[in-house]
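Please read the following numbered points alongside the sequence and the model.

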Amino acid sequence: MTVELGHFALMLAFVVALAQVGLPALGLARNDVGLVAATRSAALVQCGLLAVSFAALTYAYVTSDFSVKNVWLNSHSAKPMLYKVSGVWGNHEGSMLLWVLTVALFGAAVAAFGNNLPDRLRAAVLGVQGLIGVAFLAFIIFTSNPFERLPEVPLDGKGLNPILQDPALAFHPPFLYAGYVGFSMAFSFAVAALIEGRVDAAWARWVRPWTLLAWMCLTIGIAMGSWWAYYELGWGGWWFWDPVENASFMPWLAGTALLHSAIVMEKREALSVWTILLAIVTFSLSLMGTFLVRSGVLSSVHAFAVDPERGVFILAIMVFFTGGGLALYAWRAQELRQGGLFAPISREGGLVLNNILLTTSCATVLIGTLYPLALEAVSGAKISVGPPYFNLTFGPLMVPLLLALPFGPALAWKRGDLAAAAERLWWVAALCLLVTLGAYAMLYRGPWLAPLGLGLGVWVIAGAMADWGFRVKLFKAPFAESLRRARNLPRSAYGTVVAHAGVGVMVVGIVAMTAYQTEIVQRMNPGDKAQIAGYTVEFKGAEVRPGPNYSEEFARAIVFRGGVQVAEIVPSKRLYTAPRQRTTEAGIHASWRGDLYGILGNRLKDGSYAVRLYFNPLVRLIWLGTLLMFLGGLLSLSDRRLRVGAPRRVTRDVATAPVAPSAAS
Amino acid sequence: MTRKQRRGVLIGTAVGVLALAIVLVAVALRSEIVFFHTPSDVAEKNIKPGVRFRLGGLVAQGSVKRDEGLKVFFAVTDSIKTIKVAYQGELPDLFREGQGVVTDGKLLPDGRFLADNVLAKHDENYMPPEVADALKKKGVWKGGPPGQGSQ
């Protein structure tokens, strides 16, 4: 009964979504205030219906109702409760339901909280948002119905793919989707602005928090996926430049660019046409990400079996929105007002450089990801483009970006002083040099470029600190004055500092992990010892034990450092009962120095085990850095200006305080 | 600075970055891509030992052997030709005889394939698209069990 209710709510949501498109279209054309106002109700109702639908599916999973085909295929009665719930979106149909629910949630948020938006703009935004909902609801209803019943009720389910039964991966899809779908807000606002033929700073002030929220979710979603791949797959890596990974990374790059160009638009009313284009491109890349993952056209290490018909449907959706958005842009963009002028050396100039580098690097990732498809279509040759391509193209483009990063916030709007900025950053440069030289002196092995990479990371971290130090006049004014300034500094300024420092922290982690990872493989009998990166690992033998829905062959190994026992790691191999599938669980001893990462291999003929050990230096910094970026976004989002929306004051302060405008609110 | 000069700097920077990117992409696509071949492709195209490529096909039944150490031997087949593969390291959890497989490596002078990487999959029903296409083209395999979308 609940399941039928969910199915019914889903279809009703489709009808309401149609209304959410039709009402504003008619209302805007006829200038009918009533119709335009009704759009808000439609968005709220649609969201409510989808919430009911999603709750119904969740209920079916929680109560293990195997008469529902989707539950039968992806759940099992013996599965822990967390994975029964995450199983809802751990499969194609359920994840698409989560996708439309997220679209509707964002739409409802605009409907509920968009009181200070112009009526026409709000209606147009909700209409576009509704259109996205219509497309994906049709996709679900016609190709991927999660509520399909089975004629006979099976005794038990087939179970969720065991490698998906993991806490980080349970929440990876919701965050990723919130990110993808969150960019639909920017897209809807961009299309609405094109339809209305009007765009201004208020528009940017509206788009920015949504983009920021989407960007934060995507950041944390990608980080969770990468963390999961690191400890769950047992390959000792954290990023493989795999098409599925790139699919989420491209919208992130474009979204990061959008986030920054929206700042220029909000503060200076410049770059409006470019920002609109970027909003369309970012969401198009999100759709492409969905298409690449869901269609399985590309060979991927993270790929799951897929149904080709569904791929075609998503391709059609993607072509419609990307093509439609770009066509509208080509047709209407000239109507929009181009913004103010600025010198190349200025905050705006810095942000433009950021945009050029980010979008170009995004393009190189796009080429690398799609080139195999293109080449196969043209010549029939099958190729794969792997990490060497991306390291060679993406890497060099990141270097100028990171070098320029600390200069950006140090430059004033409109016309900046490069010499003054350099003066503020001299100690940062000195620190960076010191770290680089220190790394050369202490680490003789590894690529010769690696110490420069570490220095670059430190440059970015210290650069962010220097920005904060300048704003609070640290050591330039009495301490009490600095303290007062630190308290009064707007949260968005803290957000910038924290997020930028996060980039640097991540860079240090990536360079250390990539250049200085060590690995050994050894046959081990109980009592055997292995040496790696200053650790001694003593193998204590392996045993078998049962788990809730698997049996596990696990090994104990004692980790010594300097003759002292520091930890015990327990790598294992699990055999899940439903579905019958093996997984490898790494045994990890984590510390700030790095992770000691152990994998239990196969039992060999003589009873010994193949044991693989990695030392991953500073690897935690990669995720710490992304967490800092997320926190930076959160700080910025909680800024008073965005919550209250006090545009006038900020604008005036910008005009009167040319040196550090964003510190002056 | 005049308006024109400002625009010049902007366009110059953009063109410079793009040019750099194009050069990098062109170089990388020339040198850093890896071709995919099935065992019969290897015979037809007469691939030389030492050239890196991806070998894909099905793991031949009964071919997986382990030596005393950490080496694993198996054979990859498209049922027309079969190539023996040597690999040192852990096989992915979903590696099984009769299933599709993709390996990275190069041919040895004796005609065996030395793999340094065996690509792992997340899903039992997943068949790498290159392998699926290649096997379909050779008429060996006509689509496996209807794969259920996951994740």
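1. Val559(A) has Ala567(A) of strand E6(A) as its bridge partner. The two strands concerned, E5(A) and E6 (residues 564–569) of chain A, pair in the antiparallel sense over five bridges; strands count as paired if DSSP finds at least two bridges between them. Helices (H or I, at least four residues) and strands (E, at least two) are DSSP runs, numbered from the N terminus. Two residues separate E5(A) from E6(A) in a hairpin, and Gly562(A) in its turn has a positive phi of about 60°.

2. This is a predicted model, in which local features need pLDDT of at least 70, side-chain atom pairs count only at pLDDT 80 or more, and totals for chains, interfaces and linings use all residues. Residues are numbered from 1 along each chain as its sequence is written, while chains are lettered from A and ligands numbered from 1 in the order in which they are written.

3. With strand E4 (residues 535–546) of chain A, strand E5 (residues 550–561) of chain A forms an antiparallel pair over ten bridges, and a hairpin of three residues joins E4(A) to E5(A). Within this pairing, Arg545(A) stands opposite Glu552(A). Strand E7 (residues 572–576) of chain A also pairs with E5(A), in the antiparallel sense and over five bridges; here Ser572(A) is the bridge partner of Phe554(A).

4. A separate point concerns the open sheet of four strands in chain A, ordered E2-E11-E10-E9 with antiparallel pairing. Its edge strands, E2 (518–524) and E9 (587–590) of chain A, each pair on one side only. From one strand to the next the twist averages 15°, where axes are lines fitted to C-alpha atoms, for helices over the stretch in contact, and angles run from 0 to 180 degrees between N-to-C directions. E2(A) and strand E11 (residues 609–617) of chain A pair over seven bridges, with Thr518(A) opposite Phe615(A).

5. How confident is the predictor in chain A, by average pLDDT? The average is 88, and 94% of the residues score at least 70; pLDDT is the predictor's confidence in each residue, from 0 to 100. A contact requires C-beta atoms, placed from the backbone, to lie within 7 Å.

6. The largest nonpolar core has 189 residues, and Val100(A), Ala186(A), Phe189(A), Ala190(A) and Ala279(A) have the most contacts inside it. Helix H8 (residues 201–232) of chain A gives the most to this core, with 18 residues. Apart from it lies another core of 22 residues, including Phe36(B) and Val59(B). Such a core is a set of buried Ala, Val, Leu, Ile, Met, Phe, Trp, Tyr and Cys residues joined through C-beta atoms within 7 Å. A residue is buried if 20 or more other C-beta atoms lie within 10 Å of its own, exposed if 12 or fewer, and partly exposed in between, with C-beta atoms placed from the backbone. Beyond its neighbours within four places in sequence, Ala190(A) is in contact with Ile276(A), Ala279(A) and Ile280(A).

7. Gly6(A) belongs to helix H1 (residues 2–30) of chain A. Because 24 other C-beta atoms lie within 10 Å, Gly6(A) is buried. Its contacts, leaving aside neighbours within four places in sequence, include Val52(A), Ala56(A) and Phe147(A).

8. Most residues other than glycine have a negative phi. Ser64(A), in the loop between H2 and helix H3 (69–74) of chain A, has a positive phi of about 50° although it is not a glycine; Ser64(A) counts as partly exposed because it has 18 C-beta neighbours inside 10 Å. Lys414(A), in the loop between helix H14 (407–410) and helix H15 (418–424) of chain A, has a positive phi near 70°. Lys414(A) is buried, with 20 other C-beta atoms within 10 Å.

9. Chain B comes to three helices and seven strands, and 34% of its 151 residues count as buried.

Key
Contact = placed C-beta atoms within 7 Å.
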